[in-house]
Amino acid sequence: MYQQPLQPVAGPLALSAACAALPLLTLFLLLGVVRARAWVAAFGALAVAVVLAWALWRMPLAQTLLAAGQGATFALFPLVWTFATAIWIYRMTVHTGHFDTLRRGFARISDDRRVQAMVIAFCFGSLLEALAGQGTPVAVTTVMLLALGFTPVRAATVALVANTVPAAFGPLGLPITTLAGVTGLPATELGMMAGRQVPVVAVLVPLVLLVVVDGRRGLRELWRPALACGVAFALAQFATANFLTAALADIAAAFAGAGVLLLVTRRARRPVPAPAGDGAPEPAASSASTATPQGSPEAARPSPGRAWLAYAPYVTIVAVFAVSQVPAVKRLLDAGTLAVSWPGLHVLTAAGTPSPLSTFRFAWLAAPGSLLLVAGLVTMALLRVSPREAGRLYGRTLYELRWAVLTVVGLLALSFTMNASGQIATLGVWMAGAGTLFAVLAPVLGWLGVALTGSDTSSNSLFGALQVAAAQRAGLDPVLLAAANASGGTLGKMISLQNLTIAAAAVGLSGREGDLFRRMFGWSVLLLALMCLLVGLQATPLLSWMVP
């Protein structure tokens, strides 16, 4: 039996925390400075974490490797299972020619790529996050943007920026219910508090997307529709989380944002220059720059039947995930979950209680990848793809994702090793020593957790209890700091190596995750600073009225 030490290095706690941060520092340096391939960065950081766990935290080498193996297994199921199946469905639509019809359909909603980015990446992506999560929104929206004419780097960047604020409540409130489970606080109050933090940043995300797609010109020309979209999204998210349920917050916000945006942009738009290459800001397409001759295939409208088939795979995805949340169906799916004690892994937390990491859950039926498989089988039937051809496409998808799979395996092995050995706990306790100032730092802890694990749910399970303990020691409101973990975590999504790998793989940029990381890091830190300021003010009399 291994019990996690919080201060393995003699001397001040800051020295132990500095050692615990070395794997993360290695990951960021290899990825952002050395520009190593993502899988090299992941396994390099894993090697540092394993050595530290064994040499400093005194975790038996066998258990250290078992923890890494558990993380690698979790990477394959459910993460790889989820995003590989999502990309497989996309490849079937491309193979049958229906994705081109879908692309033209979205182009008719608006011929302006800046609007397309907000509708697809922010609004539709939020709906997918609400229903599926685990990389599905990034995997799906990147390829949709690519088909609309976005360059690969721009498509990936837009999808990553958009997949932030929905993460606090998706899929279907799981991050909040997980946070309630590990903290013992009411899920209703946690959802309400997150609903008074995340929407403030949500207002700004469509504006950031304008800058990403079209630079200052995009912000100058379309700031009003983008602001209207962000405000509608934020108000719906706030109202649903505070007066209905956090589980539906992203669904309501997605429809509200898209509806207001399309209503505002129905008016005529001025033509803009043709899109530029990847080296400069990519302007929006316009009717002037995308016009096609009458009678051309591009200008021709597809028949209603073919148009339906183009949208059918994505309608099917939404329908399958919606049905999976019907209470009777959910109970049936959850009955297939197998909880097993990971053989040989016996870990106690620093407090002496059994670590939940020793238990591994195989959600065979309820996993997003399994539900996507159901949607894929329906798609096969609708698009008349033979089982042999579908199998060939899945095999090809896995082959093309081989480096992405290796990266995710290394990353989750790193996450589980740091968590099981106590390195994450050491970092958290050191940050909690800031006292009342910890209110400003609380979102940073969630941000680090998501940057490492790729999941707001995982970050909440890692740091939720620590946030509450720190709040009690500092005389702060536990609900405020626990919710801040979820809210700050949303802004770590865009620099999570898991999401970076999925986005790069989806658009054929495997090996360029470092480029995406450098593009994302500044935006992530900027929005995180805003969240830290908001939470810090909510801990003072100035904004304490926002705490339920």
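**One residue, then the rest**

A442 has 0% relative accessibility, so A442 counts as buried; buried means under 20% relative accessible area, exposed means over 50%, and partly exposed is in between, with a 1.4 Å probe and protein chains only. Before going on, the sources: this is a predicted model, where local features need pLDDT of at least 70, side-chain atom pairs count only at pLDDT 80 or more, and totals for chains, interfaces and linings use all residues. Residues are numbered from 1 along each chain as its sequence is written, and side-chain values use heavy atoms, with hydrogens and water left out.

Back to A442. A442 sits in helix α21, residues 438-453. Helices here are DSSP runs of H or I with at least four residues, strands are runs of E with at least two, and both are numbered from the N terminus. Leaving aside residues up to four places away in sequence, A442 touches Q467, L481, A484 and N485, where contact means heavy atoms within 4.5 Å. As for R108, R108 and A442 are 334 residues apart along the chain, and their C-alpha atoms are separated by 44 Å.

Next, the core. A nonpolar core is a set of buried Ala, Val, Leu, Ile, Met, Phe, Trp, Tyr and Cys residues joined through side-chain atoms within 4.5 Å. Which members of the largest one touch the most other members? They are F122, F169, Y314 and L414, out of 182 residues. The helix that gives the most to this core is α4, residues 61-95, with 15 residues.

Now two helix pairs. Axes are lines fitted to C-alpha atoms, for helices over the stretch in contact, and angles run from 0 to 180 degrees between N-to-C directions. The axes of α4 and α15, residues 304-323, come within 10 Å and cross at roughly 155 degrees. That makes the two roughly antiparallel; the classes are under 35 degrees for roughly parallel, over 145 for roughly antiparallel, 65 to 115 for roughly perpendicular, and oblique for the rest. I89, Y90 and T93 of α4 meet P313, Y314 and I317 of α15.

The second pair is α24, residues 497-506, and α25, residues 513-538, which pack at about 120 degrees with axes 9 Å apart. These two are therefore oblique to each other. On the α24 side the contact is made by L497, L500, T501 and A504, and on the α25 side by E513, L516, F517 and M520.

Last, charges. Side chains of opposite charge can pair when their charged atoms come close. A salt bridge is a side-chain nitrogen of Lys or Arg within 4 Å of a carboxyl oxygen of Asp or Glu. How many are there by this rule? The count is 10. D112 pairs with R114 at 2.7 Å, N to O, and both are buried. D214 pairs with R217, with the closest N and O atoms 2.8 Å apart, and these two are buried as well. Both lie in helix α12, residues 205-243, three residues apart, about one turn of the helix.

Buried or partly exposed? D515 counts as partly exposed because its relative accessibility is 25%, and R512 counts as partly exposed at 37%.
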